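The following exercises ask the reader to work through a protein model step by step. Each task is followed by a worked solution.

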Amino acid sequence: MGLFGIPMEQLYMYTLLAAGALTVLCVFFGEVTEFKGIWPILNPIVILSFVTFGSAIGFLLETATEFNEWSILGIALLSAVLLDLLLYFLILLPVSSAATIHTEELLSGQVANVVIPIPVDGYGEVMFESYSGVISKPAAGYNNEAIAKDEKVIIVEVSEGTVYVQVYASLNMRKKEKWANGI
């Protein structure tokens, strides 16, 4: 028997090849297909891995056993659900929560070096080290002041990908002045 006149083992193999190819594309172009909806388990990688697991198990059972088509389909779907949940909760979820990419909220308070001078009312560039490597960002003076190259600065605010910085020494001087004045 089969579906659409195609034997079931052949249908499982075509599905396996298509899902495997789409999974490889999603791995390479994952940023484009990233889905953060109500249910993160509906991520394209999770869905494609479900189809891949189901078709692979279905193909193996179809070629290696004498079970009927409906039994094989049921076993393949249940096995795919179990393997997909294990993949999601044991691999994908921990890896995504342990990502080493910086977020804009974590940049405030970082000390950086100016690599391209920041003019008055203009933009330059700062570079700082993070646990994920060396990062450079466009920067502007927090109070629209000019900041020279190789100056140490502190990131005060982040807005739309631009960091707003102040000279690190001037902040230390203000704190010392406040402390000396008893404030």
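## Overview of the chain

The protein chain holds six helices and seven strands. The model is a predicted one.

**Exercise 1.** State the order in which the elements of the protein chain run from the N terminus on, and state what share of the residues is buried.

*Solution.* 
Step 1. Reading from the N terminus, the order of elements is β-β-α-α-α-α-α-β-β-β-β-β-α.
Step 2. Of the 183 residues in the protein chain, 26% are buried.
Step 3. Among contacts with a separation of 6 or more, 50% join residues 24 or more positions apart.

## Helices α1 and α3

**Exercise 2.** Describe how the axes of helix α1 and helix α3 are placed relative to each other.

*Solution.* 
Step 1. Two packed helices are described by the angle between their axes and by the distance between the axes.
Step 2. Helix α1 spans residues 8–28 and helix α3 spans residues 44–64. Their axes come within 8 Å and cross at roughly 150°.
Step 3. Angles over 145 degrees count as roughly antiparallel; therefore α1 is roughly antiparallel to α3.
Step 4. The crossing in which α1 passes α3 is left-handed.

**Exercise 3.** Which residues of α1 meet which residues of α3, and how do the residues of this contact divide into nonpolar, polar and charged?

*Solution.* 
Step 1. On the side of α1, the residues in contact are M8, E9, Y12, M13, T15, L16, A19, G20, L22, T23, C26 and V27.
Step 2. On the side of α3, they are P44, I45, L48, V51, T52, G54, S55, A56, G58, F59, E62 and T63.
Step 3. The residues of this contact comprise 14 nonpolar, eight polar and two charged.

**Exercise 4.** Is L22 buried, exposed or partly exposed, and how far apart in space are L22 and P44?

*Solution.* 
Step 1. L22 belongs to helix α1.
Step 2. The relative accessible area of L22 is 44%. Partly exposed residues lie between the 20% limit for buried and the 50% limit for exposed, so L22 is partly exposed.
Step 3. From C-alpha to C-alpha, L22 and P44 are 9.3 Å apart in space, while 22 residues apart in sequence.

**Exercise 5.** Compare the reach of α3 with the expected value, and list its buried residues.

*Solution.* 
Step 1. Helix α3 has 21 residues.
Step 2. From its first C-alpha to its last, α3 reaches 30 Å, which is close to the 30 Å expected at 1.5 Å a residue.
Step 3. V46, L48, S49, T52, G54, S55, I57, G58, L61 and E62 are the buried residues of α3.

**Exercise 6.** Why does G54 count as buried, and which residues is G54 in contact with beyond its neighbours within four places in sequence?

*Solution.* 
Step 1. G54 lies in helix α3.
Step 2. Buried means under 20% relative accessible area. G54 counts as buried because its relative accessibility is 11%.
Step 3. Leaving aside neighbours within four places in sequence, G54 is in contact with Y12, A76 and A80.
Step 4. G54 and L83 are 29 residues apart along the chain, and their C-alpha atoms are separated by 9.3 Å.

**Exercise 7.** What is the phi of N144, and what is the phi of D150?

*Solution.* 
Step 1. Most residues other than glycine have a negative phi.
Step 2. N144 is not a glycine, yet its phi is positive, at about 55°. The residue is placed in the loop between β5 (133–141) and β6 (152–159).
Step 3. D150, found in the loop between β5 and β6, also is a residue other than glycine with a positive phi, near 65°.
Step 4. N144 is partly exposed at 44% relative accessibility, whereas D150 is exposed at 62%.

**Exercise 8.** Which residues does E145 touch, not counting residues up to four places away in sequence?

*Solution.* 
Step 1. E145 is located in the loop between β5 and β6, and at 21% relative accessibility E145 counts as partly exposed.
Step 2. Apart from residues up to four places away in sequence, E145 touches I118, P119, V120, V165, Q166 and V167.
Step 3. The C-alpha atoms of E145 and Q166 are separated by 8.3 Å, with the two residues 21 apart along the chain.
Step 4. N143 is found in the loop between β5 and β6. From C-alpha to C-alpha, N143 and V165 are 8.4 Å apart in space and 22 residues apart in sequence.

Terms used: Residues are numbered from 1 along each chain as its sequence is written. This is a predicted model: local features need pLDDT of at least 70, side-chain atom pairs count only at pLDDT 80 or more; totals for chains, interfaces and linings use all residues. Side-chain values use heavy atoms; hydrogens and water are left out. Axes are lines fitted to C-alpha atoms, for helices over the stretch in contact, and angles run from 0 to 180 degrees between N-to-C directions. Helices (H or I, at least four residues) and strands (E, at least two) are DSSP runs, numbered from the N terminus. Angles under 35 degrees count as roughly parallel, over 145 as roughly antiparallel, 65 to 115 as roughly perpendicular and the rest as oblique. A crossing is left-handed if the near helix is turned anticlockwise from the far one by less than a right angle, and right-handed if clockwise. Contact means heavy atoms within 4.5 Å. Ala, Val, Leu, Ile, Met, Phe, Trp, Tyr, Cys and Pro count as nonpolar, Asp, Glu, Lys and Arg as charged, and the others, Gly among them, as polar. Buried means under 20% relative accessible area, exposed over 50%, partly exposed in between (1.4 Å probe, protein chains only). The expected span of a helix is 1.5 Å times one less than its number of residues.
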